[in-house]
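Work through the following exercises with the sequence and the 3D structure at hand. Try each task before reading its solution.

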Amino acid sequence: NHSERELQRLALYAELNPSLITEFDSTGLMHYSNPAMMEQIVNYGYDLEGSVDLPAVLPKNTHELINQCLSDGKTINNIEVCSNEHCFLWHFHPVMEGSSVQAYAVDISDRKKIEAILYEEKERFLVTLNSIMDSVITVDINQNICFINPDAIRLSGYNKEKAEGKVFKDVIKILNVNAREEPVNIVHTC
């Protein structure tokens with residue numbers, strides 16, 4: 001049993017939380033929305049194209065998610081919704097005692113922007129590595145080849161698909177021709 005003060009503190013948590021929080025009954029009717037959710041409803045309005053008016057910030061299949069949540073009795077996580085410049089990651093949790101579903105979302109807009117920037121940088125980097133006339137090979141901690149550029153492919157005699165994933169020393173043999181020694185594992189010495 002919780003004291004009245006503990007219950008008030010818990011209720012205040014939802015009110016002050018920057019995440020979007022809402023609760024639906026089994027018919028999909030919203031019974032509660034915290035101030036952060038209300039702000040997004042004001043900002044984005046309702047999706048009037050569907051058969052049921054829903055705040056545009058919610059997944060288009062919210063009613064199906066509510067039904068699935070209640071029928072399976074399981075949480076549904078990581079439903080991504082992007083509208084305008086914001087992206088939210090929604091989670092739906094059944095509350096079986098009340099036949100309701102609580103949903104909350106975290107704003108992942110900044111993460112999505114950073115992912116897009118990293119993807120562009122990666123593509124630019126790969127274009128550079130694939131076009132330079134030096135051999136470039138990257139390996140993981142286990143010395144397995146993760147990337148091999150065209151010049152290194154030409155020297156190894158392997159194609160890209162066969163080289164990537166193989167251990168470096170099995171693909172590339174580096175010999176000290178003056179000393180007539182066994183192949184040197186240059187990756188191991190790094």
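**Exercise 1.** Find which cysteines form a disulfide, and describe the link.

*Solution.* Step 1: apply the criterion, a pair of cysteine sulfur atoms within 2.5 Å. C82 and C87 meet it, with their sulfur atoms 2.1 Å apart. The structure, a predicted model, holds one disulfide. In this model, local features need pLDDT of at least 70 and side-chain atom pairs count only at pLDDT 80 or more, while totals for chains, interfaces and linings use all residues. Residues are numbered from 1 along each chain as its sequence is written, and side-chain values use heavy atoms, leaving out hydrogens and water.

Step 2: look at the angle about the S-S bond. For C82 and C87 it is 115°, and the link is right-handed.

Step 3: classify the two partners by relative accessible area (buried is under 20%, exposed over 50%, partly exposed in between, with a 1.4 Å probe and protein chains only). C82, at 45%, is partly exposed, whereas C87, at 10%, is buried.

Step 4: classify two further cysteines. C69 is buried at 0%, and C146 is partly exposed at 42%.

**Exercise 2.** Determine what S109 touches and which polar contacts its side chain makes.

*Solution.* Step 1: locate S109. It is found in helix α4, residues 109-131; helices (H or I, at least four residues) and strands (E, at least two) are DSSP runs, numbered from the N terminus. S109 is buried, because its relative accessibility is 4%.

Step 2: list its contacts, meaning heavy atoms within 4.5 Å. Not counting residues up to four places away in sequence, S109 touches E85, H86 and C87.

Step 3: search for polar contacts. These are pairs of N or O atoms within 3.5 Å; within protein, one must be able to donate a hydrogen and the other to accept it, and residues adjacent in sequence count only if both atoms are side-chain atoms. The side chain of S109 makes one with the side chain of H86 at 3.2 Å and another with that of D107 at 2.5 Å.

**Exercise 3.** Decide where the buried residues of helix α2 lie around its axis.

*Solution.* Step 1: list them. In α2, residues 35-44, the buried residues are A36, M37, Q40, I41 and Y44.

Step 2: view the helix down its axis. The arc is that of the directions from the helix axis to the C-beta atoms. The buried residues of α2 fall within an arc of 140°, so they line one face of the helix.

Step 3: check what follows. Just after α2, G45 takes a positive phi of about 70°.
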